[in-house]
Amino acid sequence: MTHTTRTEKAARSPAAAPPQDAGTSRPPRKVRVWRRVTPWLFLAAPLALLVTFTYAPVANMVAYSFTDWDGVSPELHYTGVENYVDIFTRAELFQVFLVSGYYLAASVVQIGLALYFATILSFNVRFRNFFKGVLFFPYLINGVAIGFVFLYFFQDGGTLDSLLSLFGHDSDRAWLGTSTSANVSLAGVSVWRYMGLNFVLFLGAIQSIPGELYEAAELDGANRWQQFRYIIAPGIRPVIGLTVILSISGSLAVFEIPYIMTGGATGTETFVIQTVKLAFQFNKTGLASAAAVVLLLIILAVTWVQRRLVPDDKVDLV
Amino acid sequence: MNHRRSLIGTLLAAALMAAGCTGSGGTSKGADAKAPDDPSKVSGTIKVLTHRTDIVQDGTMQKYADEFNKTYPKVKVEFEAITGYEAEVKIRMNTENYGDVLMIPAVIKKNDYPKFFASLGTEAERREKYRFTDYTAVDGKVYGQTTNGVMPGFVYNKKVWREAGVTDWPTTPAEFLTALKAIKSRTDAVPYYTNFKDMWPLTSWTSVNGSVHCDTRATTRLTEGDPWAEGADLRVGDRLLYDIVNQGLAEKDPTTTNWEASKPRLAKGEIGTMWLGTWAIIQFRQAAEKAGSDPDDIGFMPFPTQVDGEFCATAAPDYNQAVNVHSPHKEAARAWIDWFTEKSTYVADNLAMSPLRDAPLPDVLKAYEDAGVKLIEVDDSEGALVKEIDNASEVGIYAPDYRQDLVDLARGAKDGDVDDFLSGLGRRWTEAEEALGS
């Protein structure tokens, strides 16, 4: 609170400066122009980048989605909503969303684990920082590298198999062999990779809860679980809400890991992989753009529904 | 408020304008790249885009360029080796900047060739001298020149096959399966390796088309009916692949195969057979040398079918080199292509088939000559239409997906019946045929 008042005062002070002249109570023209232009000058660089690399391509994609462009030919024809009709009349294009179910289930596990570790490590635990590092590390690795690493991991006689045989379990299992097994394995990789991010978000939120609350709770005889239930969980609700949205949209748009590890074979094809294949394998850039637009709309819709169901309340711990 | 609206308006207008400029890379249509009359006078720096990253890195390409400079001293040749050639060059071709000489990416529609490439001459004149000219011919003009020809076939380890007691090439798919079974029971080798994970080796099964019935019109036939009808070429090939996997004659876990590792494994006799092409022989021989086994153990055999008691092999071009229509040094670029095709040692170095009509077959194919394998060139005049049907139907005969599904089906990772699956492909294909009005 003190912070805001100070800035307000600072902002008001130039205007409150005593008038130098009886006729002109406002600062000179040049100053006024500069004052108006300065924020835009600061914004120019990020805005230019944002427009060039985000909005222009998106506008481009939306434009392509109304054409029959093949991605390279100099000629393209406007086809109206034909691509969209095509997408919504082909049920098989939406079947791939079933695969997202695996990732959705995995993200429940992922959020649970992240919450668990974040809570534990927010208390005084030995080697705290070391464990934080270990948990966050996978998120720093490039997704392509992760794909390759886990390909060896799941290989016949690979890391996982030799690890299991160390414990006396000789599995003769092809981990990526069947559709269910492959999807579960891939979703597991995705948990391993993204849990670190969720963990850090949760940890940051937990640490912003004032320490007095724990002290007070301890004095009242609350145990760790009660502290979690009545202080931490309500305290980090907005972050949990955000994580859930990110997880849902992430599950709908899974790409890197399955694309590199299986290329969408054996029933692991996701909506994005399918879109990429439409665009680059069958050269239907127009149709693929329409599919990408549809995915964007679906994610927006899911987010909207989710916000309606769980409105973003203000946190009030005290 | 007003302010903000006008800003958003400007941004939107800018974005839409950007959307308007798709790759309409100029309208210069129908340029010619003429062969220079006097080698000593051609000059300029030309950039060659190539997918052969390996031979650019090890300096082989530079050696070719040095040799080229002995005849054309004023031309400077630069190479740009591109991993993921197809995808990257496709995007670059939306601009004018895609080298002076490049390999024609498969995605470019044949009818668009005149918009992207300069013509190398008329088909009537070039077909006298070169094979495969119809693959790049549009309206009687040729736009590309292949570096070498390739023939599909099985790369196999002779020692493994000998140990299994199979000395003659199988002449029917059933005999082939029996041979693989013998390998399985009598040796430790994996009889057949699918390279499922690396995907593109599965696509080469499409090249059985033509050899099954020894038919030069095989490509045209793909546009005329159901390629998966009983007895049709693709059906025979796909059925063989299915049976191999279904009868347990392929590797145990296809989902984690590794192409690079598979080469020394075949060379050492841990793998019996793979369906690839002549282009692969040199790589397997090199792998054998590295692994310390005998390169001469690498054998090559045709698809197991015979017409009138003769095996049949189809020859097709590898990547075609072309001259960028926007190149300022078309003569120099043309000189490079002509020299590379006729004078360079590329074909010999790769144990490949020369695109020149009068050149002899490479030594590695001597076994073919001895066995009297008939060589045919499949007519490609309908090649563009086949691609169009393929894209429209989303079957993907040049993509790995449906064969991955086939392998999954065969090993029981996916439910379904193989006949339904293949006739399903046929149905989608014929529907696309009708939609395109062929």
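**Close-up 1. The contact between chain A and chain B in the predicted model.** Chain A and chain B each bring 32 residues to this contact. On the side of chain B that touches chain A, at least two residues come from each of the helices α1 (2-20), α4 (85-92) and α18 (401-410). Helix α1(B) gives the largest share of that side, with six residues. Sorted by class, the residues of chain B that touch chain A are 13 nonpolar, ten polar and nine charged.

**Close-up 2. The two domains of chain B.** Domain 1 of chain B covers residues 24-147 + 318-350, and domain 2 of chain B covers residues 152-315 + 380-435. Between the C-alpha centres of domain 1 and domain 2 of chain B the distance is 31 Å. Where these domains of chain B meet, eight residues of domain 1 are in contact with seven residues of domain 2. The side of domain 1 of chain B that touches domain 2 of chain B consists of four charged, two polar and two nonpolar residues.

Close-up 3. A:T243 counts as buried because 23 C-beta neighbours lie inside 10 Å, and the cut-off for a buried residue is 20 or more. Apart from neighbours within four places in sequence, the contacts of A:T243 are A:I111, A:N198 and A:L201. A:F202 is 41 residues away from A:T243 along the chain, and the C-alpha atoms of A:F202 and A:T243 are 9.0 Å apart.

Methods. Residues numbered from 1 in each chain as written. Chains lettered and ligands numbered in written order. Predicted model: local features only at pLDDT ≥ 70, side-chain atom pairs only at ≥ 80, totals over all residues. Buried ≥ 20, exposed ≤ 12 C-beta atoms within 10 Å, placed from the backbone. Contact = placed C-beta atoms within 7 Å. Helix = DSSP H or I, 4+ residues; strand = E, 2+ residues; numbered from the N terminus. Nonpolar A, V, L, I, M, F, W, Y, C, P; charged D, E, K, R; others polar. Domains from an automatic or database assignment.
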